[in-house]
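Please read the following report alongside the sequence and the three-dimensional structure.

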2 protein chains.
Amino acid sequence: MKSLEPIEVFKALSNEARLQILEWLKDPKAYFGPQEGVDLIDVGVCVSQITAKLNMTQSTTSQYLSVLQRAGLIHATRIGKWTYYKRDEEAIQAIATYIRKDL
Amino acid sequence: MKSLEPIEVFKALSNEARLQILEWLKDPKAYFGPQEGVDLIDVGVCVSQITAKLNMTQSTTSQYLSVLQRAGLIHATRIGKWTYYKRDEEAIQAIATYIRKDL
DNA sequence: TTGACATATCGGGAATTATCGATATAATAA
DNA sequence: TTATTATATCGATAATTCCCGATATGTCAA
């Protein structure tokens with residue numbers, strides 16, 4: 001189990017767009033169209049699809065995904081030229097537990 | 001029950017000193033000396049005591065307490081010239097629940 | 001190879017946050 | 001009333017974050 005610095009997690013969550021991304025990734029089928037030969041649920045959603053929904057540039061989207069990843073809330077899988085991002089449900093539960101028990 | 005904007009809560013928690021204050025307030029008897037005629041547990045801890053432990057000015061402490069209060073994580077009770085701050089345990093559990101179920 | 005596409009990173013200006021000192025306000029004590 | 005103490009607020013500067021455009025890197029197809 002990775003470290004999960006609570007403060008980094010809270011910083012990552014302190015931004016509307018990043019919160020939005022996390023919510024979309026909770027139910028990818030509801031928010032994103034299907035992707036050539038990959039299972040949205042299993043593998044995740046690629047940067048272009050997220051950029052398309054977010055009202056921001058590809059650059060910003062990519063950076064926000066990095067922030068969420070460094071916080072441990074999502075992880076990336078590269079397949080060909082795409083990078084698919086997926087929530088780390090365990091980490092998300094872990095931060096809830098941190099608040100409930102330790103904060 | 002108050003609103004509790006998750007993003008405001010996360011912003012409030014995105015600072016080491018404010019996180020520290022919340023942790024101290026979790027167990028006031030462990031971190032603060034007794035106060036003239038008030039029950040630390042019931043009423044809370046006054047700004048001076050918190051300022052004394054935090055390594056920052058009274059001004060900063062007061063502002064951080066405001067931020068935590070506006071986020072709904074603590075609440076204040078004024079008695080005489082002192083303002084006592086106390087955690088809102090319900091709100092803290094509520095944000096844990098938000099993360100666990102809705103994020 | 002070269003070209004095209006997906007993503008990542010760099011450099012920067014604008015907006016927000018961190019934190020202070022000075023001062024205003026509120027309450028009590030003398 | 002005046003002085004004193006506790007807290008809140010104001011104004012300012014430094015640091016950080018937001019978000020962009022430009023460009024670099026990685027991968028596949030021709």
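The report treats the sheet first, then the helices, and finally the relation between the chains.

This is a predicted model, in which local features need pLDDT of at least 70 and side-chain atom pairs count only at pLDDT 80 or more, whereas totals for chains, interfaces and linings use all residues. Residues are numbered from 1 along each chain as its sequence is written, chains are lettered from A and ligands numbered from 1 in the order in which they are written, and side-chain values use heavy atoms, with hydrogens and water left out.

**The sheet**

Helices (H or I, at least four residues) and strands (E, at least two) are DSSP runs numbered from the N terminus. Two strands are taken to pair if DSSP finds at least two bridges between them. Chain A holds an open sheet of three strands in the order β1-β3-β2, with antiparallel pairing. Because β1 (45-46) and β2 of chain A each have a single partner strand, they stand at the edges, and one side of each is left without a neighbour in the sheet.

Strand β2 (residues 74-79) of chain A pairs with strand β3 (residues 82-87) of chain A over six bridges in the antiparallel sense. Within β3(A), A:Tyr84 is the residue opposite A:Thr77. The two strands β2(A) and β3(A) make a hairpin with two residues between them, and A:Gly80 in the turn has a positive phi of about 60°. On the other pairing, β1(A) and β3(A) run antiparallel and are joined by two bridges; here A:Cys46 stands opposite A:Tyr84.

Chain B also has an open sheet of three strands, with the order β1-β3-β2 and antiparallel pairing. There, β1(B) pairs with strand β3 (residues 82-87) of chain B over two bridges, and B:Val45 has B:Tyr85 as its bridge partner in β3(B).

**The helices**

Axes are lines fitted to C-alpha atoms, for helices over the stretch in contact, and angles run from 0 to 180 degrees between N-to-C directions. Contact means heavy atoms within 4.5 Å.

| Helix | Lies across | Angle |
|---|---|---|
| α2(A) | β1, β2 and β3 of chain A | about 85° to β3(A) |
| α6(A) | β2 and β3 of chain A | about 120° to β2(A) |

Helix α2 (residues 16-26) of chain A and helix α6 (residues 58-70) of chain A also pack on each other, at an angle of about 75° and with their axes 10 Å apart. That makes α2(A) roughly perpendicular to α6(A), a term for angles of 65 to 115 degrees. To this contact α2(A) gives A:Ala17, A:Arg18, A:Ile21 and A:Leu22, while α6(A) gives A:Tyr64, A:Leu65, A:Val67 and A:Leu68.

**The two chains**

Copies are superposed by least squares on the C-alpha atoms of residues with pLDDT of at least 70 in both. Chain A is brought onto chain B by a rotation of 180° with 0.0 Å of shift along its axis (RMSD 0.0 Å). That is the relation of a two-fold axis. In chain A, the C-alpha nearest the axis belongs to A:Ala96, 2.3 Å from it.

The contact takes 22 residues from chain A and 22 residues from chain B. Of the interface residues of chain A, 100% are also interface residues in chain B, so the copies meet through the same surface. Buried area is the accessible area (1.4 Å probe) that two parts lose on being put together, summed over both. Between chain A and chain B it is about 2,000 Å², of which carbon and sulfur atoms give 64%. In chain A, the residues A:Ile7, A:Ile99 and A:Leu103 lose the most area to chain B, together 30% of what that side buries.

How values were computed:
Angles under 35 degrees count as roughly parallel, over 145 as roughly antiparallel, 65 to 115 as roughly perpendicular and the rest as oblique.
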